[in-house]
Amino acid sequence: MTNDRRDLPAELEAEMARRTPYGLHPEAKTGALTELSEAAADAARNLLDKAASRLARGQDDRADRLIARVVAMPYDEHWGCWHGTAMAGQLLFDALSTIAEEWAEAQESPEDYESVYWLHEDMNWAVDVMDPDNLAVLRETLETIVADATLLGISPRESRGLAAAAERMPAPSMPKSGWTVPPDASEMRREEMIRIYLDVLVDVMRVIDTSGGPQDSK
């Protein structure tokens with residue numbers, strides 16, 4: 001796998017090059033760590049978002065090149081994560097939690113809206129049509145969303161429905177989160193996790209789109 005970082009800003013690339021196998025080079029200023037980590041995370045997320053779009057269109061070769069760039073990014077000692085696996089899992093979480101959050105108001109006051117969408121209904125359908133391995137990853141994501149439902153502003157009925165749908169799915173088999181992949185994880189293992197998260201994202205969004213998906217309720 002090549003160490004292709006053409007997607008990274010020049011300043012970020014230079015700073016990342018100062019990292020050693022044991023962390024940030026002593027000359028790097030501590031005050032810049034957060035900004036550096038955020039820029040790296042944004043770069044990884046942007047590439048993964050594009051890769052997911054390519055996979056959804058069947059453009060696997062293009063997706064492969066984008067994924068390779070993310071896998072080549074170094075371990076972030078400041079945040080304690082691989083940005084590739086962390087952002088891949090985050091993309092899946094954000095895609096689903098945002099849908100649930102955006103429809104909470106309509107769900108609570110359906111009389112004020114032309115239509116109401118319930119994410120948990122599509123997640124129950126996903127149980128019948130998605131691959132069991134993908135469902136195991138989806139379950140972990142849904143359980144995290146349910147745990148954060150109050151913070152996210154998700155309606156109680158939606159939260160209960162998502163919890164019930166998650167219980168119908170196989171138990172998670174991967175690490176609890178893409179954020180917790182250890183620093184000694186191999187490139188092969190990191191790429192595998194990234195591809196699993198992206199595959200689940202593409203799969204579950206296809207389920208949602210096929211059902212008609214969320215429509216404008218106003």
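1. A charge counts as sitting over a ring if NZ of Lys or CZ of Arg is within 6 Å of the ring centre and within 35 degrees of the ring normal. Arg 190 gives a case here. Its charged end sits over the ring of Trp 82, 3.6 Å from the ring centre. Please keep in mind that this is a predicted model.

2. A second case involves another arginine and another tryptophan. Arg 157 lies over the face of Trp 118. The distance from the ring centre is 4.2 Å.

3. Now the overall layout. The protein chain holds 10 helices and 2 strands. Starting at the N terminus, the order of elements is α-β-β-α-α-α-α-α-α-α-α-α. The chain has 218 residues, and 47% of them count as buried. Contacts across the sequence deserve a look too. Take the contacts with a separation of 6 or more: residues 24 or more positions apart account for 75% of them.

4. Next, the aromatic rings. A pair of aromatic rings is described by the distance of the centres and the angle of the planes. How many aromatic pairs does a search of the whole structure find? The search finds 3. One of them joins Tyr 75 and Trp 82, with ring centres 5.1 Å apart and planes at 70°. Planes over 60 degrees apart count as edge-to-face, so the pair of Tyr 75 and Trp 82 is edge-to-face.

5. Are Tyr 75 and Trp 82 buried or exposed? Tyr 75 is buried, at a relative accessible area of 15%. Trp 82 also counts as buried, at 9% relative accessibility. Trp 82 is the residue whose ring has the charged end of Arg 190 over it.

6. Trp 79 and Trp 179 make another pair. Their ring centres are 6.1 Å apart and their planes stand at 45°, so this pair is tilted. The pair links distant parts of the chain, 100 residues apart. Trp 79 is in the loop between helix H3 (60-71) and helix H4 (83-102). Trp 179 is in the loop between helix H9 (156-167) and helix H10 (187-210). Trp 79 counts as partly exposed, at 32% relative accessibility. Trp 179 counts as partly exposed as well, at 31%.

7. What is the handedness of the crossing of H3 and H10? The crossing is right-handed. On the H3 side, the residues in contact are Asp 64, Ile 67, Val 70 and Val 71. They meet Glu 187, Arg 190, Glu 191, Ile 194, Arg 195 and Leu 198 in H10.

8. H7 contributes Asn 134, Val 137, Leu 138 and Glu 140 to the contact. From H10 come Ile 196, Tyr 197, Asp 199, Val 200, Asp 203 and Val 204.

9. Leaving aside residues up to four places away in sequence, Ala 126 touches Leu 135, Leu 138 and Val 207. Leu 138 is 12 residues from Ala 126 in sequence, and the C-alpha atoms are 9.5 Å apart. Leu 138 also takes part in the contact of H7 with H10.

10. Glu 121 is in helix H6 too (residues 119-129). With a relative accessible area of 46%, Glu 121 is partly exposed. Its C-alpha atom is separated by 8.2 Å from that of Leu 162, 41 residues apart along the chain.

11. Ser 159 has its place in helix H9. Is Ser 159 buried or exposed? Ser 159 counts as buried, at 13% relative accessibility. Which residues does Ser 159 touch, not counting those up to four places away in sequence? They are Val 146, Ala 149 and Ile 154.

12. Last, a loop residue. Ser 115 is found between helix H5 (104-108) and H6. At 28% relative accessibility, Ser 115 counts as partly exposed. Ser 115 and Trp 103 are 12 residues apart in sequence, with 10.0 Å between their C-alpha atoms.

Notes
Residues are numbered from 1 along each chain as its sequence is written. This is a predicted model: local features need pLDDT of at least 70, side-chain atom pairs count only at pLDDT 80 or more; totals for chains, interfaces and linings use all residues. Side-chain values use heavy atoms; hydrogens and water are left out. Rings of Phe, Tyr and Trp (its six-membered ring) pair if their centres lie within 6.5 Å; planes under 30 degrees apart count as stacked, over 60 as edge-to-face and the rest as tilted. Buried means under 20% relative accessible area, exposed over 50%, partly exposed in between (1.4 Å probe, protein chains only). Helices (H or I, at least four residues) and strands (E, at least two) are DSSP runs, numbered from the N terminus. A crossing is left-handed if the near helix is turned anticlockwise from the far one by less than a right angle, and right-handed if clockwise. Contact means heavy atoms within 4.5 Å.
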